[in-house]
Amino acid sequence: MQHPLSLQVLYDNTTLDPELVSGWGFAVLLDQHLLFDTGEDGAKLLQNMKHLGISPAQIDQVVLSHNHWDHIGGLEDILRERPGISVFIGKDMGKDLEEKIEAAGGNVVFTSPGMEVAEGIYTTGSVPATYKGQPMPEQALVLRRNGRTGVVTGCSHPTVPAILDRTMQLFSPDGIDLLLGGFHWRDFSDEEADNAVRELERFGIRTAGPTHCSGKPAVEAFVRLHTGRLLTVGAGFAINLEEA
């Protein structure tokens, strides 16, 4: 059996520890070495990492979900601490993002659907989406270890079902053991949120952790309708995939 695959939220709109700072955005450390997104503020991200006992030296890869300020804001600070590491993006996420990474000293790596970016950690590849009338392609990460499957989303601009459909196409898992991240339901009415949770039933989600841009409607809808486990997630939250 492989060692457990850990997830630790480093940056979020809320915190589970009063000693941590919050900010708009999202960042998760996976398997103690891969950083998924970087929040909006690098100083806050590094402050939280220090409090949690996580050294920038641990990070040897960064994966960005999409080219939006609240997910790439801490990138330059991370690359200042860890110059030369690989930053994984979709080729369609914008030339400006590619240039930003290179100017900060990072090594751009373009992803493709199903690409393994680290042991047991795969990308969905860019899933098409728009935001405020502009293209906003986004990738999520799929975790596969010890017979378990997890999906970590940044903002879910393509919609959660579209991301999970891509996951099913690529890996055909027997359900999703853990779904964690931003779902972008914060402006949903209660009815819209209920319908969204019902739409996810076909994916067999055992444990859900809506956070960041998911909003209060998402949490309340999961409380009303989700038959599996519901997690309270914020900066400082940690879990192993095998525990989900």
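In which loop does tryptophan 185 lie? In this predicted model, tryptophan 185 is found in the loop between β13 and α6. With a relative accessibility of 4%, tryptophan 185 counts as buried, because buried means under 20% relative accessible area. Beyond its neighbours within four places in sequence, tryptophan 185 is in contact with a set of residues that includes Val160, Ala193, Ala196, Val197 and Leu200. Cys213, Ser214, Pro217, Ala218 and Phe222 also belong to this set. The C-alpha atoms of tryptophan 185 and cysteine 213 are 6.7 Å apart in space, although the two residues are 28 residues apart in sequence. The side chain of tryptophan 185 also reaches the backbone oxygen of phenylalanine 183, at 3.1 Å.

The loop between β13 and α6 also holds histidine 184. Histidine 184 is not a glycine, yet its phi is positive, at about 60°. Most residues other than glycine have a negative phi. Aspartate 31 likewise has a positive phi, near 55°, and is a residue other than glycine. Aspartate 31 lies in the loop between β2 (27-30) and β3 (34-36), and counts as buried at 10% relative accessibility.

Helix α5 covers residues 160-171. At 1.5 Å a residue, its twelve residues should span 16 Å, and the C-alpha atoms at its ends are 16 Å apart, so the two values agree. The buried residues of α5 are Val160, Pro161, Ile163, Leu164, Arg166, Thr167 and Phe171. These buried residues pack against the strands β8 (121-123), β11 (141-145), β12 (148-153), β13 (176-182) and β14 (205-211), and against helix α6 (190-199).

The N-terminal end of α5 is capped by threonine 159, which has a side-chain oxygen 3.2 Å from the backbone nitrogen of alanine 162. Threonine 159 itself is placed in the loop between β12 and α5. It counts as partly exposed, because its relative accessibility is 39%. Threonine 159 and methionine 136 are 23 residues apart along the chain, and their C-alpha atoms are separated by 12 Å. Just after α5, serine 172 takes a positive phi of about 45°.

A further buried residue is threonine 111, with a relative accessible area of 13%. Threonine 111 lies in the loop between β6 (107-110) and β7 (116-118). Its side chain makes a polar contact of 2.9 Å with the side chain of glutamine 139. When neighbours within four places in sequence are left aside, threonine 111 is in contact with Phe88, Ile89, Gly90, Thr123, Gly125 and Gln139.

The count of salt bridges comes to nine. One of them joins the side chains of arginine 80 and aspartate 77, with an N to O distance of 3.3 Å. Arginine 80 and aspartate 77 are three residues apart in helix α3 (residues 75-81), and therefore are separated by about one helical turn. Arginine 80 is exposed, with a relative accessible area of 58%.

Arginine 202 forms a salt bridge with aspartate 165, and the closest N and O atoms are 3.0 Å apart. This pair links distant parts of the chain, with arginine 202 in the loop between α6 and β14 and aspartate 165 in helix α5, 37 residues apart. Arginine 202 counts as exposed at 52% relative accessibility, whereas aspartate 165 is partly exposed, with a relative accessible area of 26%.

In the salt bridge between aspartate 194 and arginine 224, the closest N and O atoms are 2.8 Å apart. Distant parts of the chain are again linked: aspartate 194 is in helix α6 and arginine 224 is in helix α7 (residues 215-225), 30 residues apart. Aspartate 194 is buried, with a relative accessible area of 14%, while arginine 224 is partly exposed, at 42%. Salt bridges with shared partners also join Arg148, Asp177 and Arg206 into one network.

Leucine 230 lies in strand β15 (residues 229-230) and counts as partly exposed, with a relative accessibility of 30%.

How values were computed:
Residues numbered from 1 in each chain as written. Predicted model: local features only at pLDDT ≥ 70, side-chain atom pairs only at ≥ 80, totals over all residues. Heavy atoms only, no water. Helix = DSSP H or I, 4+ residues; strand = E, 2+ residues; numbered from the N terminus. Buried < 20%, exposed > 50% of the residue type's maximum accessible area, 1.4 Å probe, protein only. Polar contact = N/O pair within 3.5 Å; in protein donor to acceptor, adjacent residues only side chain to side chain. Contact = heavy atoms within 4.5 Å. Expected span 1.5 Å × (residues − 1). Salt bridge = Lys/Arg side-chain N within 4 Å of Asp/Glu carboxyl O.
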